[in-house]
Amino acid sequence: MTRPDPLIADAIRRTRAEAPFLATLLDREPDVATAMLAGQAVAIFDPALADAPVGRRLRLARRRVALTVAIGDLAGLLDLTQVTAALTDFADTALDMAIRAAIAERTPDADATGFAAIALGKQGSGELNYSSDIDPILVFDPATLPRRPREEPEAAAVRIGKRVVELLQARDGDGYVLRVDLRLRPSPEITPIVLPVDAAISYYESQALPWERAAFIRARAAAGDRTLGQGFLDAVRPFVWRRALDFGAVREIRGISRRIRDHHAQGQVFGPGYDLKRGRGGIREVEFYAQIHQLIHGGRDVALRAPATRDALMRLAAAGRIAPDDSAALTDAYTLLRTIEHRVQMIDDRQTHALPTGAALDRVARLHGLTDGPALLAVLEPHVTATGRIYDALDGEERPGLSRDPVQLEATLAAAGFADAPGAGQRVAAWRTGRYPALRSVAAQEALEAVLPDLMTALGGAADPAAALVRLDRVLERLPSAINVLRLLEARPGLATILAAILSHAPPLADLLGRRPALLDGLIDASAFDPVASVERLAADMRQGDAGQSYETLLDHVRRVVAEKRFALGVQIVAGTADPLDVAGGYARLAEAAIAVLVQATIDDFAAVHGRVLDSEFVILALGRMGGAALSHASDLDLIYLFTGDFACESDGAKPLGATLYYNRLAQRVTAALSVATAAGPLYDIDTRLRPSGTQGPLVVSLDSFARYQRADAWTWEHMALTRARPVFGTPAARGAVAAIVDDVLGGARPARDVAAEAAAMRAEMAAHKPPLGSLDAKLLPGGLVDLEFAVHVVQLTHRAGFDPHLGRAIDALVSAGLLPPTLVAAHAVLTRLLVTLRLVAPDAQPPTPATRVLIARALGLADWDAVVATLESTRQEVSRIWAMVARGP
């Protein structure tokens, strides 16, 4: 005879002594205890009842689930994850069986299609309570829902829904299956219990409330037509996970928490009667804490979209979004609170979350294996306290508002750092009176008042408070709504300092913010100030998340990613956290990743209609700053489009094209994908004038034609441009073939010319037709980057040495070979740093304000502005000397 499991035996003893509901089930289901004591599996559904009505089968199964899970839990053989998973699995099964039965009763021969249950709450996250209700949203598809003749689909869906609820909630001598709460559907007071799927999608896209976003973090297609349910969830995903966070939604969730505390005031104080779910430091606050951070960061990081609370806390900590100690404390608290909640519910199968009082509290403690109520409270108290402390920290400290009294306001602004405090006060007063449409709503004024103290302090402490204030005023003037950006600044006060720096120093970035305030969202993460990732990682990020399968959606998605990261790179220079040379490389990697993703997507979209050309492919060769992998904020992309294979071939699609026509039409689509403004904004300016024969030639040529042109017909300036050539799209074999042609041409397979004389004439013509913008034009001034590049390229072509598309590496090679003086290394670094920085802070190349001069000196690693001017002058003199020497020729 098998020896009874002592853990099971003790759990059964405590169950009979302390939990009347479970004791009754032990009497009604004696085989369950017998099997568990013997270590045998328990069948939830009795095979002998296979032909019984669905409702009865489910009610009896629910009894067995309740008993087996409770005994396993009390015996310590099932942890919280296993307990909630078992309860959730049964709820999913019961809901699915009820849907199928309801449909079969009305239309016996029909498939159970067109009707789906979306699980929300703890069922959605796989964390169902021991005695919980379920909160599904029921949707139907009018086109596929089975119905009787002449029956409207809406009426059929409601009848099916009512029958599902009846099957699950009906009580008899066997008990019930599940409590069902359908009030989480849109506008439950006026809508039918089952919604047409398209109407539900429309609601969540346009009218949903902030708390509904949080609810859908845990949504799951749980029963019925799961394909329909998943399609619904895919459609509303952008409503839940927004890259541009609505901080108003976060405030609303915190408001819900405060209202819960107020409404359930009696259960807030820890002790007997404490509400384990709604009390301060309780279960709901752990869940809200996780959901708030998921809403903040999950739009950008798919890995954070975990439905289960403890999984979400773990991932948030791993991603650095919350403190690991807080994650561990909340996880431990959640596990204990949920476990004790289950003990409370086991006793009488009541949907309660409050600790009882008196002798009843002692009963809960003994069921859990403790001596009495005080012992249980002692176990719970530190976890409740820790949860309340961590959750309350989300609010921060209350700060007094900015005074409305003109005298006090001016005094505050003067103390903050505004030299013209009266003028600054007048702007604030104008904002408060709703001068601009973005500030006229009640919500906008509330958001403005909440952020004004920190915002004006940050602006007053900026390098140039007056300029920052004027540019902020322009941003507010252009915004259609200021609520979200103001809520963002309120929620992340540190961003106000960064914003002040942007407004003080960087007009291009300030203008971008005026058009796309959501760009500020990207600075929430500290990773925004990290070096830009590799091309491969960037491309993977651009392909993932909300981009989906739609070509148009991908165009928008890539534009958003590029704009956000390009903006962040500019902020790195303004904030002084990165070397402009590294930022230039980051700009280039970002552009190359966008090319990789969008060009391939365009090819695939084009091939869907026109097919592909056999043994042929599209290749892109980058030149100029893109070829050299060092862009500035304002750089365009110099590209040459090529194709491999036989130009006489034809594509194999439904609408075939000859290879030359095929690739020229494809290239037009590629240029549009990389440049045309969509709803998400523009991307890059594309310049294809460096292609063979320039604007007079075709947009795309074959590799053979490109080789012939470069070897026989190209001008000296085209060979100079070729020294910066770098393949940026195509298979490794195709890139290698292009690189081989470039190497061959640069190595001497080209007409003999007086390179130095032709380059000198070309530079003189350029100087005559394209003068410098201002006294700081590091590119076009005599002795600037253009002169430096001309000197390098002439030496490369003349000596057939030092070829490398990266200009810095090419200079290093030529210096090592004794072909250029070592001073050119530092000259290149100075001029490039200056160019990249000025494109952001002085795009007109004129001397900036004194405050911005400090930023430029810092970016160049120099002591002050006098050092900048002196270094630029000496650098230009040295470059001019070297260029004059090179231009004279050997």
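Glu-18 and Arg-366 form a salt bridge in which the closest N and O atoms are 2.8 Å apart; the term stands for a side-chain nitrogen of Lys or Arg within 4 Å of a carboxyl oxygen of Asp or Glu. The model is a predicted one, in which local features need pLDDT of at least 70 and side-chain atom pairs count only at pLDDT 80 or more, while totals for chains, interfaces and linings use all residues. Residues are numbered from 1 along each chain as its sequence is written, and side-chain values use heavy atoms, with hydrogens and water left out.

The pair links distant parts of the chain, with Glu-18 in helix α1 (residues 6-18) and Arg-366 in helix α15 (residues 358-368), 348 residues apart. Helices (H or I, at least four residues) and strands (E, at least two) are DSSP runs, numbered from the N terminus. Glu-18 is buried at 8% relative accessibility, whereas Arg-366 is partly exposed at 34%. Here, buried means under 20% relative accessible area, exposed over 50%, and partly exposed in between (1.4 Å probe, protein chains only).

In the whole structure, 46 salt bridges are found. One of them joins Arg-280 and Asp-392 at 2.7 Å, N to O. This pair, too, links distant parts of the chain: Arg-280 belongs to the loop between α11 (247-263) and α12 (283-297), and Asp-392 to helix α16, 112 residues apart. Arg-280 is partly exposed, at 33% relative accessibility, and Asp-392 is partly exposed at 26%. Through shared partners, salt bridges also join Arg-28, Glu-29, Asp-31, Arg-56, Arg-63, Arg-64 and Asp-174 into one network. Within helix α10 (residues 226-240), Asp-234 and Arg-237 lie 3 residues apart, about one turn of the helix, and their side chains meet in a salt bridge of 2.6 Å, N to O.

The largest nonpolar core has 262 residues, and Trp-431 and Phe-618 have the most contacts inside it. Such a core is a set of buried Ala, Val, Leu, Ile, Met, Phe, Trp, Tyr and Cys residues joined through side-chain atoms within 4.5 Å. Helix α26 (residues 580-610) gives the most to this core, with 16 residues. Apart from this core lies another, of 24 residues, including Ala-200, Ile-201, Ala-214 and Trp-241. In soluble globular proteins, nonpolar side chains tend to be buried together.

The buried residues of α31 are Ala-734, Val-738, Ile-741, Val-742, Val-745 and Leu-746. They lie on the same side of α31 because they cover an arc of only 130 degrees around the axis, taken from the directions from the helix axis to the C-beta atoms. On the other side of α31, Pro-732, Ala-733 and Asp-743 are exposed.

Two residues deserve a note on backbone geometry. Most residues other than glycine have a negative phi. Arg-150, though not a glycine, has a positive phi of about 60 degrees; Arg-150 sits in the loop between β3 (137-140) and α7 (153-169) and is exposed, with a relative accessible area of 85%. Ser-693, also not a glycine, has a positive phi of about 70 degrees.
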